Each structure stands twice: as C-alpha cells, then as structure tokens.
Amino acid sequence: MTPQDLIKLSMKEAEKAVQEGNSPFGVIVTDPEGNIVWKDHDQVRTLLDPTAHGEVNAIRGLCKKLKTLSLLGYKFYTSTEPCPTCLTSMIKAQVSEVYFGARIEPTASLPIPAEEIAARSKKHPIKVYGDILGNETLVHREQLLRTK
C-alpha cells in the first residue's frame, strides 16, 4: 500500500473517533515489512485520559503486544500532523518514520511543527513526511469537527 492509501485508512479511524464522541484523529501503523499491525484513534473522552491520542494508544498497545519498548522499523500514518505529545512518544518508542495528512491547526494547544521536534531528537531520530493528501485530510477533519 502507498502512503496515500494508509493516510486514507487513518481518515477512517478519525471517523470512528468522532462516532465515539472523540476528536477526529486516526492512525495506522505498519511493521518493518509494511504490514498493517495496528489501527487506532483518539479516545480522550472515552477513556477520560488527556493523553489517549491515537498515536499514544497505538504505542501503548503495540509495545504491550510485542513485549518491547522499541518500535524501531515501524511507521505511523496519521490523519493529522502529530502533536508534540504524540511525536515525542513516537521518538521515545523509537518509531522510525511518521507520515501525516493535514498540518496541525494553528489553534492547537502546542502548535509546534513535527519537523521542528524531530530535528531536536538526537538519540532516536525519526523521519517526518507531511502534507500527504494535505488538503483532502484538512477538509475531512473540518467536516468531522462540524459533525461533532
């Protein structure tokens, strides 16, 4: 599957989040061979946990499932640019790459670009690829926010 295909799947996860009463953010994770191994989405309101973002949920779930603290070689595909909490969690988990759709909204609590955070990571570097289907994911996010 292409990064575009995987971003589209992350958009479906974002729809699930909104259906459950959460914010419109989704994530797909692939293993080093490119197989989809995890799908998740924002569950902040469902779990009453401010850190239950899709990427953090995926890291928690995969690390437990694989019995490891390292997701080296894994790739995350997110509907929206990861927030600082999510990106630093990916760095701590040694995720190799992250691909995202829409840029983080300027009104976010910490609107720091993912590339800026990634550039500061020295011990566990992460590659960041953004604006994949950027306009499509932005419009999708805005539509989901209106239905919330």
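Visitor: Which residues is Asp-131 in contact with, leaving aside its neighbours within four places in sequence?
Guide: This is a predicted model. In it, Asp-131 is in contact with Phe-100, Gly-101 and Arg-103, once neighbours within four places in sequence are left aside.

Visitor: Where does Asp-131 sit, and how far is Glu-81 in space?
Guide: Asp-131 is in the loop between strand 5 and helix 6. Its C-alpha is 8.3 Å from that of Glu-81, though the two are 50 residues apart in sequence.

Visitor: Is Asp-131 buried, exposed or partly exposed?
Guide: Read the relative accessibility: buried is under 20%, exposed is over 50%. Asp-131 has 42%, so Asp-131 counts as partly exposed.

Visitor: Next, the aromatic residues. How many aromatic pairs does the structure hold?
Guide: Two. To class a pair, look at the angle between the ring planes; under 30 degrees counts as stacked. The rings of Tyr-77 and Tyr-99 have planes at 10° and centres 4.7 Å apart, so this pair is stacked. Tyr-77 lies in strand 3 (residues 75–80) and Tyr-99 in strand 4, so the pair ties together parts that are 22 residues apart in sequence.

Visitor: And what of Tyr-99 and Tyr-129?
Guide: Their ring centres are 4.7 Å apart and their planes are at 20°, so that pair is stacked. Tyr-129 belongs to strand 5 (residues 127–129) and Tyr-99 to strand 4, so parts that are 30 residues apart in sequence are tied together. Tyr-77, Tyr-99 and Tyr-129 form one aromatic cluster.

Visitor: How accessible are Tyr-77, Tyr-99 and Tyr-129?
Guide: Tyr-77 has 5% relative accessibility and counts as buried. Tyr-99 has 11% and counts as buried. Tyr-129 has a relative accessible area of 33% and is partly exposed.

Visitor: Which residues have the most contacts inside the largest nonpolar core?
Guide: A core joins buried nonpolar residues through their side chains. The largest one here has 26 residues, and those with the most contacts inside it are Leu-71, Phe-76, Leu-87, Met-90 and Ile-126. Strand 1 (26–30), helix 3 (54–66), helix 4 (84–92), strand 4 (97–102) and helix 5 (114–119) each supply at least two residues. Helix 3 gives the largest share, five residues.

Visitor: What is Phe-76 in contact with?
Guide: Leaving aside neighbours within four places in sequence, the contacts of Phe-76 include Val-27, Ile-28, Val-29, Ala-58, Ile-59, Leu-71, Met-90 and Val-98. A second, separate core of seven residues includes Leu-6, Ile-7, Ile-28 and Tyr-77.

Visitor: At what angle do helix 1 and helix 6 pack?
Guide: Helix 1 (residues 3–19) and helix 6 (residues 134–147) pack at about 10°, with axes 10 Å apart. Angles under 35 degrees count as roughly parallel, and these two helices are therefore roughly parallel to each other. Helix 1 makes the contact with residues including Ile-7, Met-11 and Val-18; helix 6 uses His-140 and Leu-144, among others. By class, the contact has five nonpolar, three polar and three charged residues.

Visitor: Last, backbone angles. What is phi of Lys-67, and of Gln-94?
Guide: Most residues other than glycine have a negative phi. Phi of Lys-67 is near 55°, a positive value. Lys-67 is in the loop between helix 3 and strand 3 and is exposed, with a relative accessible area of 76%. Phi of Gln-94 is near 65°, also positive. Gln-94 lies in the loop between helix 4 and strand 4 and is partly exposed at 22%.

Terms used
Residues numbered from 1 in each chain as written. Predicted model: local features only at pLDDT ≥ 70, side-chain atom pairs only at ≥ 80, totals over all residues. Heavy atoms only, no water. Axes fitted to C-alpha atoms, helices over the stretch in contact; angles between N-to-C directions. Helix = DSSP H or I, 4+ residues; strand = E, 2+ residues; numbered from the N terminus. Parallel < 35°, antiparallel > 145°, perpendicular 65-115°, else oblique. Contact = heavy atoms within 4.5 Å. Nonpolar A, V, L, I, M, F, W, Y, C, P; charged D, E, K, R; others polar. Core = buried A, V, L, I, M, F, W, Y, C linked by side-chain atoms within 4.5 Å. Buried < 20%, exposed > 50% of the residue type's maximum accessible area, 1.4 Å probe, protein only. Phe/Tyr/Trp six-rings, centres within 6.5 Å; stacked < 30°, edge-to-face > 60°.
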